[in-house]
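Work through these exercises with the structure open beside you. Try each task before you read its solution.

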Amino acid sequence: MFTDILQKLIILTVGIIFVSSAAIIFFRQKNVNRAERTQIFKTAEYLNAWIILICFVTTIVYGIFNHFELKKTVHAIVSLNYSEASQALNSNGTRYNMAEIICDEVVERAIKKGALEDVTVKQLKNCLVVYPCVQGGVGDESQYHISTEFAVQYYASKDTAHLDSENVIKLITSSYKEYYIEKYTDNFSLDPEKPDFTQMEYMDIVSYFEKETQAILNYLYGMSEKNPSFVTENGSTFNSIAGKVYQFKETQIDQNLRSLILQNGIVRDRDEYVDRLSYQNKNVDFDRQKNEASYRLCNEAIDMYSEEMTRVVLVPTWDQAGKYYMGRTKVGVDELSVMATNFSNYVASNEKEIMDNNLVIDKIASTGQDTQISSVDTLIDSIYESVKGFEKEAITAGREYSRHRMNQCIAVSIYGISIMGELKTLILFAAFVYVSLVLHHISKKFPKKA
């Protein structure tokens, strides 16, 4: 604030000298004739040592204040390089909002990330402005334009003068990238709250762990399809992490935990759980009967076709080049064969589910061994922590990939103090001071009255 006042005071002083000198010359020129005016301008000391010295000193002082003022202002250009940006959309298809670049969450994240002291979110946000680099109009279609570049400008206030301006704009843009990645590119997460395992049946806990680990695997497989060669900072790939999760699922959950529960017939409420499994078997058996009936109907319909109709049928058609050829077409038996295969698979799946439930019922038919319950509970807690660890590792890898991709899709260019720009400003100011001082020196040679 102090340097701003002094800078403006210097400009105002030089401006007053320029205006007053020009006014004196304008009004006093009537007091001399044309020849005298010409003589005054010809004999003026344009290279006066005092004028040059004062001009030099004034310019140096102004340059110092101007440098401090320029350090307060920094701006960055955020460029969106993904295809959806040209339609004013985020990478996930939602509407893009440039105000999020300096929203409260981004500013708060920047303050925490940079450990900025003695500044609040409101104070820092008041120093930031965001606007599109190229703005369109709505007059006609030729004026329509969706900007994919946005300028973020920071100007230090008295509350933020103690902060480094360039560091602030770097923190804001990097925090926005993290905010964008978390909100629009990576939203994978499991159940954040730990379930109360004491209120769940042990086999239900096994199913819960299988569901959670399968969700992690699905996420990792999906990320691997996007970029199978991506390597994280610790040297892992999506496939290598998925391999660890799959191995853990097979050994710790399916073999150790499930086998320990079944072999010892461990159950919290045997009668209630047996009734539940029996009820599930009835429902599954009903589906099995429907699928089996559908399978028989498809086979019966296939048998109704004559052999001549089930042979390959060739019909004349033409390709994209307009040339005719004989193409094979499908007949009804093809569709029926596919449907029969699907219903057969459904029946097999239903029968397997019934067999699995019957196995569990047989295993827990006898009273569970209480001596093994504490071991199972300990194993459950250990598996839960491991699953959460795999979830964190998967999310971390996914976010690293998102940052890698977004570094290409969201480019940031920061523009601080330009040395050439400062030099141009100083040269123009020096010229202004020199002209003002020369005019002041010349104005003294014009007499007040003729």
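**Exercise 1. The pocket and its centre**

Task: How many residues line the largest pocket, and which of them lie nearest its centre?

Solution: Keep in mind that this is a predicted model. Start with the count: 14 residues line the largest pocket. Then go to the middle. Met203, Ser207, Arg258, Asp356 and Asn357 lie nearest the centre. Finish with the volume: the space in this pocket is about 310 Å³.

**Exercise 2. The place of the pocket**

Task: Why does the largest pocket lie between domain 3 and domain 4?

Solution: Find the bounds. Domain 3 covers 196-266 + 369-397, and domain 4 covers 268-367. Check who lines the pocket. Both domains give residues to the lining, so the pocket lies between them.

**Exercise 3. Strand partners**

Task: In which sense do strand 1 and strand 3 pair, parallel or antiparallel?

Solution: Locate strand 1 at residues 73-80 and strand 3 at residues 149-155. They pair in the antiparallel sense, over seven bridges. Confirm with single pairs. His75 has Gln153 as its bridge partner in strand 3. For Ile77, the partner in strand 3 is Ala151.

Now look for another neighbour of strand 3. Strand 2 (residues 128-132) runs antiparallel to strand 3, joined by five bridges. Here Tyr131 stands opposite Ala151.

Then return to strand 1. Strand 1 also pairs with strand 6 (residues 410-415), antiparallel, over six bridges. Ser79 stands opposite Ala411 of strand 6.

**Exercise 4. Covered or open**

Task: How many of the eight residues of strand 1 are buried?

Solution: Use the cut-off: buried means under 20% relative accessible area. Six of the eight residues pass, so strand 1 is mostly covered.

**Exercise 5. The whole protein**

Task: How many helices and strands does the protein have?

Solution: Count the elements: 13 helices and six strands. Then turn to contacts between residues at least 6 apart in sequence. Of these, 80% join residues at least 24 apart.

Conventions: Residues are numbered from 1 along each chain as its sequence is written. This is a predicted model: local features need pLDDT of at least 70, side-chain atom pairs count only at pLDDT 80 or more; totals for chains, interfaces and linings use all residues. Side-chain values use heavy atoms; hydrogens and water are left out. On a 1 Å grid over the protein atoms alone, a cavity is a set of points where a 1.4 Å probe fits but cannot get out, and a pocket is an open set with protein on both sides within 12 Å along at least five of seven lines; lining residues have an atom within 4 Å of a point. Grid points are joined across faces, edges and corners, and a volume is the space filled by probe spheres set on the points. Domain bounds come from an automatic or database domain assignment. Two strands pair if DSSP finds at least two bridges between them. Helices (H or I, at least four residues) and strands (E, at least two) are DSSP runs, numbered from the N terminus. Buried means under 20% relative accessible area, exposed over 50%, partly exposed in between (1.4 Å probe, protein chains only). Contact means heavy atoms within 4.5 Å.
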